[in-house]
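Okay, thanks for coming, everyone.

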Amino acid sequence: MPSARTACAIAVVLLLTACGSVPIQPLSQAELDKQTVADRTAAQQGIPGIQGELSMDEAVARALKYNLDRRTRMMEEALALNQLDAASWDMLPKLTASAGYASRNKNLITRSEDAVTGLPSLANPYISSERNHQIYDLGLTWNLLDFGLSYVYAKQQGDRVMIAAERRRKAMHTLIQDVRTAFWRTASAQKLRDDVKNAIVLAEDALQDARKAETERVRSPIDALRYQRQLLENLRLLESIEQELSSGRIELASLMNTPLNLDFRVQEPSDTVDATLLDVPVQRMEDMAVTQNADIREQFYTSRIAVEETKRTMLRLFPNLSFNYNVKYDTDRFLINNHWNDTGLQLSYNLFNLLSAPAQKKLADAGVKLADQRRIAAQMTVLTQVHLSRLSYQIAYRQYVRADQVWQADAKIAQHIKNRETAETQSKLEQVANSTTAILSLLRRYQSLSQVQAAASKLQATMGLEPVIGSVTEMSLEDLTRSVGTSMRDWSRQLDKSPQPATQASDPLKTGAVKSDPAASTPLQAMALRMTREVGPGREQTGSIGDQFIAIATQDMGTSPAMDVME
């Protein structure tokens with residue numbers, strides 16, 4: 001018998017050891033292919049095709065409704081809401097139901113001793129429990145300390161829901177900004193695609209003629225090579241323009257979650273720029289930013305979570321009071337009362353909490369101070385972004401005005417060149433050069449217009465302005481498009497809800513120079529004025545934001561040349 005029991009125990013141990021080892025199972029290529037196809041199908045499911053030309057409002061609406069990153073943010077917010085619901089249930093008492101079965105191979109037989117003499121009782125041993133019986137228990141337990149901790153945690157989870165909502169707002173601001181920029185790039189590519197291809201074909205024909213003339217020695221070799229070099233430079237520039245224009249449609253399709261190989265056309269919006277944002281005082285923009293910006297609001301909720309964490313830390317230092325009430329039933333026939341109720345009240349306290357209380361309090365206070373410091377830093381960062389975004393919008397608008405003037409001049413030159421083409425008084429090199437100049441001028445105009453739209457979107461996002469729309473999942477695409485169009489056109493009205501000052505500074509676009517408000521009512525305005533006085537004009541723009549701020553603030557943009565497309 002001992003050897004049999006030993007063998008059985010060894011077999012059980014070996015069996016448990018074998019069950020404890022988990023083999024590595026990498027995914028097969030078939031499983032990867034199947035999951036990839038399923039994921040791509042799920043990503044494109046329920047997305048209607050583009051009918052006709054795509055408008056700006058529809059592009060933004062499609063991005064808000066079908067963009068995968070935005071869907072992820074919405075699911076994160078839904079997950080936070082579910083976590084809040086789950087945390088709310090933790091405040092309820094614990095109601096536990098249990099049922100069990102007890103069995104033993106021998107009877108529970110006990111003897112007794114005389115309490116006075118200590119001698120064994122003369123009575124026979126007796127059985128006090130059945131070998132097999134069932135036990136049932138229904139208990140209600142309520143813990144005061146757990147209730148307080150669960151309540152504070154539920155409040156923290158509510159703030160985390162709001163943090164998820166602010167992150168979704170920030171993602172929406174970035175998405176709208178990217179869609180507007182990609183839309184204008186697509187519109188410019190659509191406008192210039194044929195002209196660029198025709199100019200490239202003309203340049204390649206002229207290059208072949210030049211090489212043929214060099215081979216036949218019709219012209220001087222130096223003149224022929226210089227002629228070819230000028231053609232090659234124009235070809236390089238045209239191919240760079242074509243490469244720049246080719247990526248806009250793919251980026252827009254990715255933002256709208258449409259097939260990347262879909263060839264669609266966009267409806268060119270009006271090229272008139274609404275500069276009403278520049279009429280809004282900087283102080284009003286700052287007030288909007290500190291109350292509506294998503295980053296600042298997230299830091300406010302983070303600070304509240306830190307304060308609630310301090311309360312949780314202090315609650316853990318209190319004694320624990322628990323109450324329990326149980327209804328029990330046992331089928332043991334030796335029991336006189338098989339059914340009984342059990343009630344208890346218990347007070348407990350961990351004495352080591354007295355030693356750790358100062359350290360726990362310091363830790364909680366440090367967390368609150370850190371959250372407050374992050375909130376203050378976020379406010380200063382957002383205020384800086386307001387001024388930089390407004391300044392960038394001013395510069396972008398001025399560059400657009402200048403690019404538009406250059407394009408109008410080149411358009412007149414192109415008309416004269418066209419008349420000369422009729423008279424056949426110009427060479428192919430002149431035709432290629434003039435076509436390249438006209439295309440580049442129009443491209444710079446569209447680039448400036450795209451930069452104006454991007455700068456306006458960034459300024460609006462910094463101030464926390466967003467389209468006022470309903471649930472994108474419940475609204476149809478047509479209704480969402482109309483709602484987005486109406487709301488985006490009314491963004492500037494959200495800034496006019498507060499009384500405007502009686503006198504405002506003159507428009508810097510009308511005076512021809514970038515100026516801050518004369519009163520310099522905020523520290524950042526005073527800093528901008530001081531930087532403008534200390535740094536002289538002519539400083540080259542560098543890559544950092546601070547250097548760009550100095551360069552832009554001190555440079556006379558009215559006389560600056562247009563940006564080269566290669567730069």
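So, N143 sits opposite S322 in strand 5. Before I go on, please keep in mind that this is a predicted model. Now, N143 belongs to strand 4, which covers residues 132–143, and strand 5 covers residues 320–330. The two strands pair in the antiparallel sense, over nine bridges. Another pair to look for is D137, whose bridge partner in strand 5 is K328.

Then go to the other neighbour. Strand 5 and strand 6 run antiparallel too, and 10 bridges join them. Here you can find F323 opposite L345, which is in strand 6.

Put together, what order do the strands take in the sheet? It's an open sheet of four strands, 1-4-5-6, with antiparallel pairing. Strand 1 (94–103) and strand 6 (339–348) are at the edges, and each has a single partner strand, so one side of each has no neighbour in the sheet. As a reminder, sheet strands pair through backbone hydrogen bonds, in either the parallel or the antiparallel sense.

What lies across strand 4 and strand 5? That's helix 5, and it runs at about 55° to strand 4.

Let's stay with helix 5 for a bit. The axes of helix 4, residues 68–89, and helix 5 come within 9 Å and cross at roughly 170°. With that crossing angle, helix 4 and helix 5 are therefore roughly antiparallel to each other. If you sort the residues of that contact, you get 13 nonpolar, three polar and seven charged.

Okay, the core. The largest nonpolar core has 72 residues, and L54, V60, V179, I241, L252, F264 and Y393 are the ones with the most contacts inside it. Several helices give two or more residues to this core, including helix 3 (56–66), helix 5 (144–215), helix 6 (221–256) and helix 9 (353–423). Which helix gives the most? Helix 5 again, with 17 residues. The general background is that in soluble globular proteins nonpolar side chains tend to be buried together.

Leaving out residues up to four places away in sequence, L252 touches L54, A59, V179, A182, F183, T186, F264 and V266.

Next, L449, which lies in helix 10. Is L449 buried or exposed? Its relative accessibility is 1%, so L449 counts as buried. L449 and R185 are 264 residues apart in sequence, but C-alpha to C-alpha they are 9.5 Å apart in space.

Last stop, helix 7 and helix 8. Their axes are 6 Å apart, and the helices pack at an angle of about 45°. That makes helix 7 oblique to helix 8. On the helix 7 side the contact uses A289, V290, T291 and Q292, and on the helix 8 side it uses A294, I296, R297 and F300. Those residues divide into five nonpolar, two polar and one charged.

One more from helix 8, which spans residues 294–315: T310. With 13% relative accessibility, T310 counts as buried, because the cut-off for buried is under 20%. Not counting residues up to four places away in sequence, T310 touches A364, D365 and V368.

That's the tour, so let's go to questions.

Methods: Residues numbered from 1 in each chain as written. Predicted model: local features only at pLDDT ≥ 70, side-chain atom pairs only at ≥ 80, totals over all residues. Heavy atoms only, no water. Core = buried A, V, L, I, M, F, W, Y, C linked by side-chain atoms within 4.5 Å. Buried < 20%, exposed > 50% of the residue type's maximum accessible area, 1.4 Å probe, protein only. Contact = heavy atoms within 4.5 Å. Axes fitted to C-alpha atoms, helices over the stretch in contact; angles between N-to-C directions. Parallel < 35°, antiparallel > 145°, perpendicular 65-115°, else oblique. Nonpolar A, V, L, I, M, F, W, Y, C, P; charged D, E, K, R; others polar. Pairing = 2+ DSSP bridges.
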